[in-house]
Amino acid sequence: MIGEKREMEIGEDEWKVCCGSSDFAKLMVDSAPFESLEAAIYTARDIWFNLVNVTAWLEAFSAHPQIGDTPSSSINSDFARRSKAEQSTAFASTSSSALKELADWNVRYKKKFGFIFIICASGKTHAEMLAALKERYENRPIVELEIAATEQMKITELRMAKLFSDKARVVSEADSSSSPISTTPQDRLRIIGGHLNVAAKSKAIKRSRPPITTHVLDVSRGAPAAGVEVHLEVWSGTTNGPSFGHGGGGVWSSVGTSATDKDGRSGPLMDLVEALNPGTYRISFNTAKYCPGCFFPYVSIVFRVTESQKFEHFHVPLLLAPFSFSTYRGS
């Protein structure tokens, strides 16, 4: 029918080309439909950083060819071809010696971290990516894992934008073919813009979880840390918040407490509200209870939420290595 709204349908295979993770793809299908690209990206970030585990991250990493390499037949061909296309500009005129240096660093990186170097190649030169590889090689493995996951999300978002654009074009062409009224280029842009809903609508997105969440990973075991007591507080006082080494004329007020489950994720630490009150927050972990005698008896992380951030989601993870610390004992 003329004027009937056509809904975009995106399958697991298409979501997997965007990300490379099967779990991510399934959860995106379960979360559909999305009213806009922005809503889809909002959900994708939540799934990627809060719902899937490290295994899903590693699956996505392994779907990529190494930076500078050609895709092998052993990985998802659609995904690999997309990766190669994203790298093509950066390596169009790269010398063989430069590629050899990059290949050597790829080997060193994978040997240290256990996964290939992940970087969003869009707009970057070969030299910039090699410099980033060398710089990130100095990171601790658990830090580099988080950085790689963030880079993967950047890649996923770019691919999602292209997917939505392609879908919108197909829907637009289908609508115009059934209508006796032709569309001008300006009309086409308006139609696609309407499908993508590119205007900022983050405030209209309904939350599916409280605005502050956390999880704890025990890196000494390579597994989630269950049973860690978590306490969320907010700063109450006349000043903007506490400063380093000073109380600041205020007090910390409790927001909520919980404990991590078998997946290392805490229960709700606050009510499910649409807008988070701006202010300074502190999330504390009772590490001594989880690991009696560990180096840190407790860990607190302080962060500030501004007025412009009150509709965002804040996930504050703790990477716990209770047995990895040592102290110098003098004679």
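**Figure 1. Surroundings of Asp23 in the predicted model.** Leaving aside neighbours within four places in sequence, Asp23 is in contact with Val52, Ala56 and Glu59. This view, like those that follow, is taken from a predicted model. Asp23 itself belongs to helix α2. Its relative accessibility is 38%, and Asp23 therefore counts as partly exposed.

**Figure 2. Packing of helix α1 on helix α2.** Helix α1 spans residues 12–19 and packs on α2 at an angle of about 130 degrees, the two axes lying 8 Å apart. This angle makes α1 oblique to α2. The crossing of α1 past α2 is right-handed. On the α1 side, the contact is formed by Glu12, Trp15, Lys16 and Cys19. These residues meet Ser22, Phe24, Ala25, Lys26, Met28 and Val29 of α2. By class, the contact of α1 with α2 comprises 6 nonpolar residues, 1 polar residue and 3 charged residues.

**Figure 3. Packing of helix α2 on helix α3.** Helix α2 covers residues 22–31 and helix α3 covers residues 37–51. Their axes come within 10 Å and cross at roughly 135 degrees. The two helices, α2 and α3, are therefore oblique to each other, and their crossing is right-handed. From α2, the residues in contact are Phe24, Leu27, Met28 and Ser31. Their partners in α3 are Ala40, Thr43, Ala44, Ile47, Trp48 and Leu51. This contact of α2 with α3 has 8 nonpolar and 2 polar residues, and no charged residues. Phe24 and Met28 of α2, listed here as meeting α3, also take part in the contact of α2 with α1.

Figure 4. Ala32 and Pro33 are joined by a cis peptide bond, for which omega is about 5 degrees. Most peptide bonds, by contrast, are trans. Pro33 is located in the loop that lies between α2 and α3.

Figure 5. Leu37 is a residue of helix α3. Because its relative accessibility is 13%, Leu37 counts as buried, the cut-off for this class being under 20%. In sequence, Leu37 and Met160 are 123 residues apart. In space, the C-alpha atoms of Leu37 and Met160 are 7.6 Å apart.

**Figure 6. The open sheet of 4 strands.** The strands of this open sheet are arranged in the order β5-β4-β6-β7, and their pairing is antiparallel. The edge positions are taken by β5 (250–259) and β7 (299–305), each of which pairs on one side only. From one strand to the next, the twist averages 25 degrees.

Figure 7. Strand β4 consists of residues 229–237 and pairs with β5 in the antiparallel sense over 9 bridges. Within this pairing, Glu233 stands opposite Ser254 of β5, and Leu232 stands opposite Gly256 of β5. Strand β4 is also joined to strand β6 (residues 279–286) by 6 bridges, and β4 and β6 run antiparallel. Here His231 stands opposite Ser284 of β6. Strands of a sheet pair through backbone hydrogen bonds, in either a parallel or an antiparallel manner.

**Figure 8. The open sheet of 3 strands with mixed pairing.** This open sheet has the strand order β3-β2-β9, and its pairing is mixed. Strands β3 (223–224) and β9 (318–320) form the edges, each pairing on one side only. Strand β2, made up of residues 216–218, pairs with β9 in the parallel sense over 3 bridges.

Definitions and conventions: Residues are numbered from 1 along each chain as its sequence is written. This is a predicted model: local features need pLDDT of at least 70, side-chain atom pairs count only at pLDDT 80 or more; totals for chains, interfaces and linings use all residues. Side-chain values use heavy atoms; hydrogens and water are left out. Axes are lines fitted to C-alpha atoms, for helices over the stretch in contact, and angles run from 0 to 180 degrees between N-to-C directions. Angles under 35 degrees count as roughly parallel, over 145 as roughly antiparallel, 65 to 115 as roughly perpendicular and the rest as oblique. A crossing is left-handed if the near helix is turned anticlockwise from the far one by less than a right angle, and right-handed if clockwise. Contact means heavy atoms within 4.5 Å. Ala, Val, Leu, Ile, Met, Phe, Trp, Tyr, Cys and Pro count as nonpolar, Asp, Glu, Lys and Arg as charged, and the others, Gly among them, as polar. Two strands pair if DSSP finds at least two bridges between them. Buried means under 20% relative accessible area, exposed over 50%, partly exposed in between (1.4 Å probe, protein chains only).
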